[in-house]
Amino acid sequence: MLDNLGTSLKDAVKKLAGKTVIDRAAVDELVRDLQRALLQSDVNVKLVMHLSQAIKQRALDEEPLKGMGVREHVLRIVYQELVRLMGTPGEVALGPQTILMAGLQGSGKTTTTAKLARYFQRKGLRVGVICADTFRPGAYEQLKTLCDRIAVPCFGDPKEADALKIVREGLPKYRKLYEVIIIDTQGRHALEENLIEEIVNINEIAHPDHRWLVIDAALGQQASEQARRFHEAIGIDGVLVTKMDGTAKGGGALSAVAETQSGIVFIGSGETIEDLERFDPDGFISRLLG
Ligand code: GDP
């Protein structure tokens with residue numbers, strides 16, 4: 001797994017090759033290279049500093065495992081610390097559950113809702129989707145069209161302005177009929193009070209098993225702030241990073257994960273309904289550092 005690490009880190013670690021004792025200067029240099037790569041990938045500065053400290057300390061304090069050279073020892077620590085930063089990959093149970101989707105407009109929330117419906121459907125579960133986005137014109141039609149393609153029912157009413165009413169009506173009905181229920185909510189371009197207030201209310205009514213945050217991989221530094229606000233409001237327990245098929249390295253999304261102390265559950269890797277993958281820490285780390 002360590003072979004997968006990104007090229008900048010590999011270069012940095014090369015400098016340790018052949019060494020038999022670790023010296024502070026070599027570790028400092030490696031950490032500097034690592035910091036550069038992470039900051040370029042939009043990982044939050046505070047997180048990078050935190051990580052650097054942990055790596056430095058462990059690299060110098062811990063004894064290499066039996067049979068491990070200096071290079072492998074340091075690589076192992078870097079990898080472990082990066083994995084820790086990402087949290088444990090969020091668990092995805094294949095049983096009855098309600099999932100509440102949170103995120104800003106444009107993050108890919110609606111598309112991801114349909115992708116998730118497809119995922120659970122393929123696992124043999126009966127899935128229903130509720131469109132509680134009454135804010136954006138066309139939101140219901142968009143979701144309904146996606147759901148129709150996979151023959152998943154979509155509860156909603158394009159003429160209704162009250163999202164809470166839709167959830168109050170739709171959820172009890174769907175809970176009787178379906179095993180997995182995914183609730184899409186409104187997004188906005190910014191973190192407005194109304195948006196947060198509404199999702200808090202929906203969360204109280206729905207008592208979902210999961211509250212997942214959708215974050216665009218290209219988001220950069222604003223990702224932490226978004227994650228913090230949503231997490232404070234409803235307690236995010238999983239993050240879905242979208243648009244990983246683009247050029248973004250996903251460092252902002254990683255910072256969002258740290259903010260919510262949760263883990264990444266899925267990665268969005270394209271525009272079609274099938275483009276959803278379970279999270280793989282190795283791939284993510286390689287990309288972040290490459
Ligand atoms: P919402 O406003 O958060 O509901 O966002 P949408 O679901 O409408 O998505 C916004 C745009 O992002 C649409 O054009 C989607 O096709 C696109 N999109 C969503 N997820 C992905 C992804 O994983 N990869 C790519 N390339 N595009 C995506």
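The residues lining the second largest pocket comprise four nonpolar, four polar and two charged. The structure described here is a predicted model. This second largest pocket holds about 170 Å³ of space, and its lining consists of K46, L47, H50, R84, L85, G87, V257, A258, Q261 and S262. Two or more of these residues are given by each of helix 3 (45-61), helix 4 (70-86) and helix 10 (251-260). Helix 3 provides the largest share, three residues.

The largest pocket has a lining with no nonpolar, six polar and four charged residues. Its lining is formed by S107, G108, T111, T112, K115, T242, K243, D245, G270 and E271. Here the largest share, three residues, comes from helix 5 (residues 109-122).

| Pocket | Volume |
|---|---|
| Largest pocket | about 210 Å³ |
| Second largest pocket | about 170 Å³ |

T242, part of the lining of the largest pocket, is also the bridge partner, in strand 6, of D216. Strand 5 (residues 210-216) and strand 6 (residues 238-242) pair in the parallel sense over five bridges. Between strand 5 and strand 6 the chain passes through helix 9 (residues 222-234), in a right-handed β-α-β crossover. Strand 5 also pairs with strand 1 (residues 97-102), again in the parallel sense, over four bridges; M101 stands opposite W212 of strand 5.

Seven of the seven residues of strand 5 are buried. In a regular strand, side chains alternate between the two faces of the sheet. In strand 5 both faces are covered, with H210, W212, V214 and D216 buried on one side and R211, L213 and I215 buried on the other.

Notes. Residues are numbered from 1 along each chain as its sequence is written. This is a predicted model: local features need pLDDT of at least 70, side-chain atom pairs count only at pLDDT 80 or more; totals for chains, interfaces and linings use all residues. Side-chain values use heavy atoms; hydrogens and water are left out. On a 1 Å grid over the protein atoms alone, a cavity is a set of points where a 1.4 Å probe fits but cannot get out, and a pocket is an open set with protein on both sides within 12 Å along at least five of seven lines; lining residues have an atom within 4 Å of a point. Grid points are joined across faces, edges and corners, and a volume is the space filled by probe spheres set on the points. Ala, Val, Leu, Ile, Met, Phe, Trp, Tyr, Cys and Pro count as nonpolar, Asp, Glu, Lys and Arg as charged, and the others, Gly among them, as polar. Buried means under 20% relative accessible area, exposed over 50%, partly exposed in between (1.4 Å probe, protein chains only). Two strands pair if DSSP finds at least two bridges between them. A crossover is right-handed if, with the strands pointing away from the viewer, the path from the first strand over the helix to the second runs clockwise.
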